[in-house]
Amino acid sequence: MPADYDVLVIGAGPAGAATALLLHARGYKVGVLERARFPRDKVCGEFISPAADAILEKLGVLESIEATKPLRLRGVAVSAYEEEEVAIDYPAHEGRAMSSLSLSRFSFDHLLFQKMKERGIDVLEEHQVDDLVFDAGNVTGVTGRDAGNRPFALNARVVVDAGGRNAVSLRRMGLRQRPKTGRGKVALAAHWSGVQFPGDYCYMHISRPGYTGMAPVSADAVNVVLVVDAERLRGEDVDAFYRRVVLQNRRRHDLLADAELNERVRTVDSLAFQVQPIPCGGLVLVGDAMGFIDPFTGEGIYLGLRSAELAAATLDVALQKGDVSRWMLARYDLRRRQEFHKKFVLSRALQKLIYRPRWCRRVVGVLADNPALAATLVGVIGDYLPAGRVVSAAYLTRLAVAWLRPQRGVRPQRGVRPQRAGRPQRAGRPQQRVRPAASHHAPTLESRPLPDEG
Ligand SMILES: Cc1cc2nc3c(=O)[nH]c(=O)nc-3n(C[C@H](O)[C@H](O)[C@H](O)COP(=O)(O)OP(=O)(O)OC[C@H]3O[C@@H](n4cnc5c(N)ncnc54)[C@H](O)[C@@H]3O)c2cc1C
């Protein structure tokens, strides 16, 4: 029986949309099944690694994104346990200044979605995939229900599951592997208005009981995502918990003092996991469906887009050869693991570091005094420098040497406030307030001892 499609993609998030666009451009008949109706929202830090620009351009969507005049961030500002933020700019790359896009997932995902429609890809909204169809041990299609709860069944030469962290294939085949260490995390997110936002950076505030990522997503909206151990919620009202924990950090409090929380807090579980190799042919996983790392380093969207590129390249060869066997498709898995392995090692190491206050403060201090080390790190976090530049004996040696040198920053007595560069501005009209790495910086605020600090 002829297949309904060459490729069926489950999920129209960034990874699914990118896979569909790339394979459609290579001449394949592509169908996308999405359970939601677009535009739809998504809990996310909402800043996108600088390296994603090149892929978005290739997908033909960067122009439409730029047309919405999105904010662009020039780097990351990190504060460890209430100390002053240290701003680290993305280093230039191949002669170009680098920046990260910062826009709502509502807009970003919708622009990708519209691009699929514009290209004539069959996108079926409100089509929930419930199961995979197998023939001779290989995936050959899907079944599900449409908006009217009517069942549907579609077949394809190959299925791409881009259904995110709860992808149907993970459940159906029990592929999800929880890491041996690490507790369950929950992310709480909301947009604030009227924020005195001081600079065009993504602000990462690390403190007890978790960390926040803060990025302006429009002229008057700042996205504040809090990630904590799930057990911390302990039945407390979600909105009250979020407001209390976000504002108990003095640096965040300073930024948000005059701001308004103008929506209900949204929550999502944020548990890292890995995925076992797929035990059959006819199926590949892209994006979060292939594994999820804690969002501290904020690269999920880039990884989704890049995995789509790698998957599309393998699928093109497989479809041309008429061989979608497990062994053929395993090439994609191998390339993906080779490319991302060191980045995952780095992300896990940073995860461990941020929950150790003394070490974390010290590393941030070392980065503040050593701009070259700091720049390399954010270039790697921004996904355009290879992770091997940081996950290497050379980098670690330089870090160790810098660690042993006395820190330049003078630690004043408790209560001394850092000098401000001027009146902070509203979101969308950024102005720098933070201490740039290795500048002659203002005295820093000595950190308040935390009750449960280790
Ligand atoms: C708290 C938090 C903060 C984050 N911050 C950032 C950040 O700042 N920057 C960044 O780059 N990344 C960030 N990430 C990661 C990022 O959100 C994900 O990596 C990204 O959304 C993955 O894209 P995806 O296309 O794989 O999946 P998703 O975006 O989850 O899309 C999956 C799509 O599949 C659909 N779907 C699922 N199952 C089915 C089904 N059975 N049938 C039909 N449709 C289905 C869903 O409706 C959805 O539209 C963050 C993640 C979290 C949890």
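Me: What do the buried residues of α6 pack against?
Reply: The buried residues of α6 pack against β13 (185-193), β16 (210-218), β17 and α7 (250-256). Helices (H or I, at least four residues) and strands (E, at least two) are DSSP runs, numbered from the N terminus. Two residues are in contact if their C-beta atoms, placed from the backbone, lie within 7 Å.

Me: Before going on, what kind of model is this?
Reply: This is a predicted model, in which local features need pLDDT of at least 70 and side-chain atom pairs count only at pLDDT 80 or more, while totals for chains, interfaces and linings use all residues. Residues are numbered from 1 along each chain as its sequence is written.

Me: Back to α6. Which residues are buried there?
Reply: In α6, residues 238-248, the buried ones are F241, Y242, V245 and V246. Buried is 20 or more other C-beta atoms within 10 Å of a residue's own, exposed is 12 or fewer, and partly exposed is in between, with C-beta atoms placed from the backbone.

Me: Why do they line one face of the helix?
Reply: Seen down the axis of α6, the buried residues fall within an arc of 115 degrees, so they line one face. The arc is that of the directions from the helix axis to the C-beta atoms. An α-helix has 3.6 residues a turn, so residues three or four places apart point the same way.

Me: And what is exposed on the other side?
Reply: A240 and R244 are exposed on the other side of α6.

Me: New topic, the ligand. Which residues come nearest?
Reply: G11, G13, G45, G287 and G300 come nearest, of the 40 residues around the ligand. A residue counts as near if its C-beta atom, placed from the backbone, lies within 6 Å of the molecule.

Me: Which element gives the largest share of that shell?
Reply: Helix α8 does, with 4 residues. The elements that each supply at least two residues of the shell are α1 (14-25), β3 (47-48), β9 (128-135), β17 (221-229) and α8 (300-321).

Me: Where are the cis peptide bonds?
Reply: One joins F38 and P39, with omega about 0 degrees. Another joins R208 and P209, also with omega about 0 degrees. P39 is in the loop between β2 (30-33) and β3, and P209 is in the loop between β15 (201-207) and β16.

Me: What is F106 in contact with?
Reply: Leaving aside neighbours within four places in sequence, F106 is in contact with P39 and D41. F106 is found in helix α4, residues 105-118.

Me: Last one: is E46 buried or exposed?
Reply: E46 is buried, with 28 other C-beta atoms within 10 Å. E46 also has a positive phi of about 65 degrees although it is not a glycine.
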